[in-house]
Structures are given as structure tokens and as C-alpha cells.
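Reader: I am new to this structure. Please show it to me, and then let us take it in short steps.

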Amino acid sequence: MASCATSLLLGLLSFLIVANTASSSSSSGGIRLSIIRKPSADVPVFREAPAFRNGDSCGLQRIHIVMTLDANYLRGTMAAVLSILQHSTCPENMEFHFLWSRFEREVFSSIKSTFPYLNFKVYRFDSNRVRGKISKSIRQALDQPLNYARIYLADIIPSDVKRVIYLDSDLVVVDDIAKLWEVDLEEKVLAAPEYCHANFTNYFSNLFWFDPVLAKTFHGRRPCYFNTGVMVVDVEKWRQGGITQKVEEWMTVQKQKRIYHLGSLPPFLLVLAGNIKGVDHRWNQHGLGGDNMEGKCRSLHPGPISLLHWSGKGKPWLRLDSRKPCIVDHLWAPYDLYRSSMHALEE
């Protein structure tokens, strides 16, 4: 009986939704059917975030943050944005620049309704720019064209934006991001945490290291691994140095010789490793999603933390939904604005 009653109730709700959609007007004295929203099958429904206001000491300086926008990672993006605003002394000074490969009205509407006061702009990234340049990597998610959009951000965002912070969607910030924004680049194109203890040779194939010409790529540099999910970028220097073109050249070499196995990271390393401004490791506690093959649970690295990053295969929202979360996923959960479809119907 309970199952039957539930089916009848859902049927009635569906009828009301359809009736409301078909009707162009409603009586002022009748039921407001517009409060019943049918969530999209592809785009999650989110709670509205609280409004965050500037402290008394805030000036007019804008902090420009670039992220990609994808329905598949929208839940992560929402959590990241919330975390940035919540821990910022001057949240109204944040300006977000979202890159997407196609216009998705429901994604745009979700951002507007979840963050009504957010300063943001959306730009189209033409995925045709990389389709012929992408080589198959060890994980399919790394091969998506939007994963390469960061290479072209200097061509996409307005020319009057001189500096940006690029952030992945699978992270949360637990400190005032203005501290990262204010890092002295010391004439470098890019700043990011460096990990010089990592075995750098593992990021490239034997074919690369055994080639006498390619092996000289890092001559005169002390290259260290850095994660491209958290970067402070001098956009002007990026343009002046032709960094986009240099990265593309290495992607062309990869198509011919197969010199690495990881998506968009290795060409960044080939162009910039050993020539960036190192930032405190607290700004990218990365690898919380495990490795790229299995995504097993990992513990936090010792030391202070300003940013938690679920790079790797495992994403916290998926593991939480599966009821098999890692311990670190509970650090992401407080920033999750997602609500279930049933909750949306109840409202």
C-alpha cells in the first residue's frame, strides 16, 4: 500500500509539473505550481549558499579565479566556490572566470541560483583547438578536451586581466585565498607548490630519456614536479612568452613519439618545470583522490593545510554517495551544497 501511495503521489506531482509548464498564466488566488521544480537528470540541484560580505579593511582589488565548468564536475565546482568565499576576508572582491566547452543553460542557472551575489563570467573554450592534439592517457577523464582548457586561458579571458589563480574543481580552500594571490612571482610566468622529492623521470617514457635530443630538454634547469590544478599565472608574461604555443608543440611531439602517459600535465612540465616560483606546499595538499588507476584512500601529508585537492581517480562526492568514503572525504562534505531530487520536490 505504501508503495502504491508513493507512486500515486509522484504521478500527481508529475502531472502538476506538466500542467504548470503547459500553462502560460495562473490565477492569483490559485496554487503556485512554479514552486514544484523537476530537477534535470544531468544537472544536480543545489542549496542556495549564504551571502558573504567584505570585511571593513577590504579595498577594491579584484582577485581573478579561473575554473572549468562541466556538468559532470559541477558538484565539485560548487563546493570549491563556497569554500573560497567562506574563508575569504574580502569575498566580494572575488571574480570567477569559468571556461566551458559548450553552453549549458541549466549549469549557468545553477550557478546563478546557488550564488546569487557571485561575480562571475563564462567563456566558451573551443574544444576543436585540441581534438587533434590529445593523445590517449592512462585515464579517460584526463583525455577530455576541457581538461586542456587551462593551456588556452590567456587567449580566452579579457586582456585587462593580468593575473589569475587557476583551480581545479575537485578541491576546497580552507584559508584566505588572498594569501596565494599575493605571492611574489619574481618575474616568473607561474607559481605553484613544487615537489622536488618526487621521481621526475617517472613522468616521461624511456623513449624520451633515451632520445639524445629530447633528453636535453631540461638542460640548465632543475626540474621538479608541480600540479597544474593550483597555479598563480602572470597572464601577460604567458602571452609574451608564447607558452600556449610551446605547450602545443610538445603535444604534437607526443602524438608522434609517445613520450609521456598523463594528459595535460607533462607538456606543462616540459615547458615550465624548473622555471617557476615555488609556493608553500600548504596550498596544494594534492593526491587525496588516490592514484589514477584505482583511486585508493590516502592520508593527509604532515604540515599546515590551506587547500585540499582530490586529484587522482577518486572524487569525494562519488565516494560519499557510494557510502564508501575515505576519511579525508569528510573534510570535503561540509562544503557540499548538493541536495537530493526528493528534497527538491518537497520544496
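Author: One definition comes first. Ala, Val, Leu, Ile, Met, Phe, Trp, Tyr, Cys and Pro count as nonpolar, Asp, Glu, Lys and Arg as charged, and the others, Gly among them, as polar. Note too that this is a predicted model.

Reader: How many nonpolar residues does the lining of the largest cavity have?

Author: The largest cavity has a volume of about 150 Å³. Its lining takes in 14 residues, with Phe52, Leu85, Pro91, Tyr117 and Leu118 nearest the centre. By class, one is polar and two are charged, and the nonpolar count is 11.

Reader: Are helices H8 and H9 parallel or oblique to each other?

Author: H8 spans residues 243–257 and H9 spans residues 265–272. Their axes lie 9 Å apart, at an angle of about 120 degrees. Angles of 65 to 115 degrees count as roughly perpendicular and those over 145 as roughly antiparallel. The two helices are therefore oblique.

Note on methods. Residues are numbered from 1 along each chain as its sequence is written. This is a predicted model: local features need pLDDT of at least 70, side-chain atom pairs count only at pLDDT 80 or more; totals for chains, interfaces and linings use all residues. Side-chain values use heavy atoms; hydrogens and water are left out. Axes are lines fitted to C-alpha atoms, for helices over the stretch in contact, and angles run from 0 to 180 degrees between N-to-C directions. Helices (H or I, at least four residues) and strands (E, at least two) are DSSP runs, numbered from the N terminus. Angles under 35 degrees count as roughly parallel, over 145 as roughly antiparallel, 65 to 115 as roughly perpendicular and the rest as oblique. On a 1 Å grid over the protein atoms alone, a cavity is a set of points where a 1.4 Å probe fits but cannot get out, and a pocket is an open set with protein on both sides within 12 Å along at least five of seven lines; lining residues have an atom within 4 Å of a point. Grid points are joined across faces, edges and corners, and a volume is the space filled by probe spheres set on the points.
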